[in-house]
Amino acid sequence: MDTIAPIDTEAQYDRALAALDTLLAEVGENLAHPLADLVEGLIQRVTDYQDTAGHVLPAAADMELRLLMSERL
C-alpha cells in the first residue's frame with residue numbers, strides 16, 4: 001500500500017472513488033486477481049481519508065463487501 005499516495009483533498013478523493021469503482025468492476029470478489037492488492041490499498045486510502053475528513057459517505061454495495069472481506073483477512 002505504500003505505493004499509493006495518501007488522499008489529501010476532496011478532488012483526490014473523488015478521483016480515488018472513481019478509480020475504485022472501475023477496479024471493482026474488473027476485480028469483483030476475486031482475491032487472486034492481479035489487481036486485488038491495488039484495490040485493497042486504495043480502499044484503505046479512501047477509508048483513511050474519510051476518517052480524517054470526518055465524513056463517511058454511503059458506499060456502493062460492492063465496496064462495502066470488499067471492506068468487510070478485508071477486515072476478515
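Helices here are DSSP runs of H or I with at least four residues, numbered from the N terminus. Residues are numbered from 1 along each chain as its sequence is written. The model is predicted, with local features needing pLDDT of at least 70 and side-chain atom pairs pLDDT 80 or more, while totals for chains, interfaces and linings use all residues; side-chain values use heavy atoms, without hydrogens and water.

Two packed helices are described by the angle and the distance between their axes. The axes of H1 and H2 come within 10 Å and cross at roughly 150 degrees (lines fitted to C-alpha atoms over the stretch in contact, with angles from 0 to 180 degrees between N-to-C directions). The contact (heavy atoms within 4.5 Å) involves, among others, Ala16, Leu20 and Leu23 of H1 and Val39, Leu42 and Val46 of H2. By class, this contact has 15 nonpolar, one polar and one charged residues. Leu42 touches Ile4, Ala16, Ala19, Leu20 and Leu23, leaving aside residues up to four places away in sequence.

Asp48 also lies in helix H2. Asp48 is partly exposed, with a relative accessible area of 29%, where buried means under 20%, exposed over 50% and partly exposed in between (1.4 Å probe, protein chains only). Asp48 and Pro6 are 42 residues apart in sequence and 8.2 Å apart in space, C-alpha to C-alpha.

Key. Helices (H or I, at least four residues) and strands (E, at least two) are DSSP runs, numbered from the N terminus. Ala, Val, Leu, Ile, Met, Phe, Trp, Tyr, Cys and Pro count as nonpolar, Asp, Glu, Lys and Arg as charged, and the others, Gly among them, as polar.
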